[in-house]
Amino acid sequence: MSANHFFKKYGVNEKLNRREFLKQQAGAAMLLAGGTAGLSLPRSLWAAGTPDISVVTGEPGPATRKAIEMLGGMSAFVRPGNRVVIKPNMSFAHDTDRATNTHPDVVRELVAMCKEADAGRIRVLDHPLRNAEMCIEGIRKACGVFNEDMVYGLTRSKFYKPAKIVRGVDMKETDVMRDVSEADVLIAAPVAKSHGSAGVSLSMKGMMGLIWNRWIMHSRYDLHSAIADLASLLTPQLVVVDASRVLSTDGPSGPGKVLKAKTIIASADMVAADAQTVRMFEWYGRRFEPRQVKHIRLAHERGLGRMDVENLSVRQVAL
């Protein structure tokens, strides 16, 4: 697929000019500064002394740990006894080199850090696109070191319950995993990859793996607007983007061009984490700005987070 085709097909607004962008930024900044009721302020806005975004290069496990430590450690997000849901990509039964699933070492490290923070029940969940048992096998094996069954692919409707999307613009309701509805903490752990319908699949797109009928987001609504709607309902407290390998073309299932990036990106702001990931890597053979991805821009405009990463604190470390 050519870059031009990508921009045209996937809602990427290449023609958004600087004046329009600055106007949108000013509007979003006023919303955030005013503390408007009902908006979720990114935690990092009041967490002085910690960066908004941490970026670590190194092996997946150690880089994951370091990225979270730079944000204040897992105890900044998980309290003793909390029920935690970790949402990685587990939709395909491929090996790690194909970059379609989150690296098992990233998920294992997240579970280890949650346990160190004295979390209560921990669940690693996804709604796989393919055979669930085969898709979750790698991550289930990695998490086997904890001697408890915590990794599930939930593919039956009984595991979901209706939820209203109060702040939704187009999509007003959906069915969400019961475990997610009952959780105290949600951690998004997507692999960084391109996507045949949304352009990129990162933390916001990944929330579609926690609902029952994701196809309606493609067929009934504008997909990008629906992704932003869902992000207003399912807002992780912590986002850890696995960019140890980046599937930069032909996602979500590949095979495609895989960048050996050896990078982990973490933030309390899902929009910022996605924006930083977009900005750092090549997609479909070229670079582009976060504002050019429609669902990231919509989320920013609706006050769900910040895509203007150039104005945020980004701390980078190489292990």
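Trainee: Is glutamine 276 buried or exposed?

Mentor: Buried means under 20% relative accessible area, exposed over 50%, and partly exposed in between, with a 1.4 Å probe and protein chains only. Glutamine 276 has a relative accessible area of 7% and is therefore buried. This is a predicted model, in which local features need pLDDT of at least 70 and side-chain atom pairs count only at pLDDT 80 or more, while totals for chains, interfaces and linings use all residues. Residues are numbered from 1 along each chain as its sequence is written, and side-chain values use heavy atoms, with hydrogens and water left out.

Trainee: Which residues does glutamine 276 touch?

Mentor: A contact means heavy atoms within 4.5 Å. Leaving aside residues up to four places away in sequence, glutamine 276 touches Ile53, Val55, Ile265, Val309 and Val314.

Trainee: How many aromatic pairs are there?

Mentor: Rings of Phe, Tyr and Trp (its six-membered ring) pair if their centres lie within 6.5 Å, and planes under 30 degrees apart count as stacked, over 60 as edge-to-face and the rest as tilted. The count here is one aromatic pair, formed by tyrosine 160 and tryptophan 212, which is tilted, at 5.3 Å centre to centre with 50° between the planes.

Trainee: What share of the residues in the chain is buried?

Mentor: Of the 319 residues in the chain, 57% are buried.
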